[in-house]
Amino acid sequence: MDNGVSAGTGSTSTLGNLALGLTLLAFGVGNTGVIDNVSAADAAALATWVGGVALFVVGLLEFRAGNGGSGTAFAGLGAFWFTWGTAVGGETSAEAAGLFMLLWALLALTLTAAASGSGVLGQGVYGLLTLALLLGGIAAFAGNEGLAKAGGWVGAVAGLVAWYGATAALAKWPTFTGRAAGRRVTATG
């Protein structure tokens, strides 16, 4: 960019992981029913603006910087959260909701496979998201509240993992890859 500001950086990915983590945590906790009078639908505004718009913009910045993997993940998940957040409370059948979750689980599965080699935090978030979406989709088809709650717990854990990964990058905490986040590895160590 002409003004000397890079379009996508490690801090952009950190922001994307924070947005993903907070959105997943709100969505997951809402599905568990663990807090009275809080449902997944209560996370719709957060999902639309933070999980949807913010993640999509971060994805575009990552694409511009040449980071196709992060760009795909954040832009794709931004589209998912925006669609989910704007559709909550609308008239849709349980089968349509189940199909929606299962189709987006395919994106999460692709992201899980693409994140191989990124460590337990990177691949773990997408793997847990895949499982949460599968459980939510099956629960919608079966009308099974227990499976929906289980999917909520898995989604909440995915959110915590994404949040931890982003916080570790900022605070230089351990990332379970043998070194602290943010620490550069040089030829001499």
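A surface patch is here a group of residues with over 30% relative accessible area and no salt bridge, in which nonpolar side chains are joined within 5 Å. In this predicted model, Trp49, Val53, Val57, Leu61 and Phe82 form a nonpolar patch of this kind on the surface, and together they have about 440 Å² of accessible area. Helix H2, which spans residues 44-64, gives the most to the nonpolar patch, with four residues. Phe82, by contrast, is found in helix H3, which covers residues 68-87. With a relative accessibility of 36%, Phe82 counts as partly exposed, because that class lies between the limits of 20% and 50%.

As for the overall fold, the protein contains six helices and zero strands, and its pattern, read along the sequence, is α-α-α-α-α-α. Of the 189 residues in the protein, 39% are buried.

The arrangement of the helices was examined next. Two packed helices are described by the angle between their axes and the distance between the axes. For H2 and H3, the packing angle is about 155° and the axes are 7 Å apart. H2 is therefore roughly antiparallel to H3, since angles over 145 degrees are placed in that class. The crossing in which H2 passes H3 is left-handed. H3 also has a described relation to helix H5, made up of residues 119-142: the axes of H3 and H5 come within 14 Å and cross at roughly 25°. This angle makes H3 roughly parallel to H5, because the limit for that class is under 35 degrees. The crossing of H3 and H5 is left-handed.

Helix H6, formed by residues 145-171, is the place of Leu147. Leu147 has a relative accessibility of 26% and so counts as partly exposed. Between Leu147 and Gly136 there are eleven residues of separation in sequence and 6.8 Å in space, taken from C-alpha to C-alpha.

A search of the whole structure for salt bridges finds one. The side chains that meet in a salt bridge are those of Glu145 and Lys149, at 3.6 Å from N to O. Both Glu145 and Lys149 lie in helix H6, where they are four residues apart, or about one turn of the helix. The relative accessibility of Glu145 is 57%, and Glu145 therefore counts as exposed, whereas Lys149, with a relative accessible area of 32%, is partly exposed.

Backbone geometry was considered last. Most residues other than glycine have a negative phi. Asn37, however, has a phi near 60°, which is a positive value in a residue other than glycine. Asn37 lies in the loop between helix H1, residues 10-32, and H2, and with a relative accessible area of 78% Asn37 is exposed. For Lys172, phi is likewise near 60°, again a positive value in a residue that is not glycine. Lys172 is found in the segment after H6, and its relative accessible area of 51% makes Lys172 exposed, because the limit for that class is over 50%.

Notes
Residues are numbered from 1 along each chain as its sequence is written. This is a predicted model: local features need pLDDT of at least 70, side-chain atom pairs count only at pLDDT 80 or more; totals for chains, interfaces and linings use all residues. Side-chain values use heavy atoms; hydrogens and water are left out. Patches are made of residues with over 30% relative accessible area and no salt bridge: like charges are joined within 9 Å, nonpolar side chains (Val, Leu, Ile, Met, Phe, Trp, Tyr) within 5 Å. Accessible areas come from the Shrake-Rupley method with a 1.4 Å probe; for residues, only the protein chains shown count as cover. A salt bridge is a side-chain nitrogen of Lys or Arg within 4 Å of a carboxyl oxygen of Asp or Glu. Helices (H or I, at least four residues) and strands (E, at least two) are DSSP runs, numbered from the N terminus. Buried means under 20% relative accessible area, exposed over 50%, partly exposed in between (1.4 Å probe, protein chains only). Axes are lines fitted to C-alpha atoms, for helices over the stretch in contact, and angles run from 0 to 180 degrees between N-to-C directions. Angles under 35 degrees count as roughly parallel, over 145 as roughly antiparallel, 65 to 115 as roughly perpendicular and the rest as oblique. A crossing is left-handed if the near helix is turned anticlockwise from the far one by less than a right angle, and right-handed if clockwise.
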